[in-house]
Amino acid sequence: MAVVDAGVAVCRLEERLLEEGLHWPGAQVAGPSETIGDVIARAPGNWTMAGNLLRRYLLALEVITPKGALMNAGARTVKSVT
């Protein structure tokens with residue numbers, strides 16, 4: 001599991017993951033200067049192949065909306081129900 005802060009470039013995450021022999025599929029669709037948030041924000045819907053692939057690798061989000069409200073979605077576990 002990788003926990004990243006706001007504004008982290010996909011290329012920096014991918015470099016760090018490669019050191020550990022890991023890979024994040026979102027890096028394949030990212031431009032050279034895109035952040036992780038950019039990739040997630042423009043991801044297609046869950047019912048598409050690309051959207052479902054990114055969704056499988058995203059556990060939780062903490063987002064600040066344009067109005068300044070904090071929004072949390074998901075959990076840091078793969079399954080958060082009993």
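Along the sequence, the chain runs α-α-α-β-β. This is a predicted model: local features need pLDDT of at least 70, side-chain atom pairs count only at pLDDT 80 or more, and totals for chains, interfaces and linings use all residues. Residues are numbered from 1 along each chain as its sequence is written, and side-chain values use heavy atoms, without hydrogens and water.

User: How many helices and strands are in the chain?
Analyst: Both are DSSP runs, numbered from the N terminus: helices are H or I with at least four residues, strands E with at least two. The count for the chain is three helices and two strands.

User: Where does Val-29 lie?
Analyst: Helix 1 covers 10–19 and helix 2 covers 36–41. Val-29 sits in the loop between helix 1 and helix 2.

User: Is Val-29 buried, partly exposed or exposed?
Analyst: Buried means under 20% relative accessible area, exposed over 50%, and partly exposed in between, with a 1.4 Å probe and protein chains only. Val-29 has 46% relative accessibility, so Val-29 counts as partly exposed.

User: Which residues is Val-29 in contact with, leaving aside neighbours within four places in sequence?
Analyst: Contact means heavy atoms within 4.5 Å. With those neighbours set aside, the partners of Val-29 are Glu-34, Val-39 and Arg-42.

User: What separates the C-alpha atoms of Val-29 and Leu-70?
Analyst: Val-29 and Leu-70 are 41 residues apart along the chain. Their C-alpha atoms are separated by 27 Å.

User: What percentage of the residues of the chain count as buried?
Analyst: The chain has 82 residues. The buried share is 17%.
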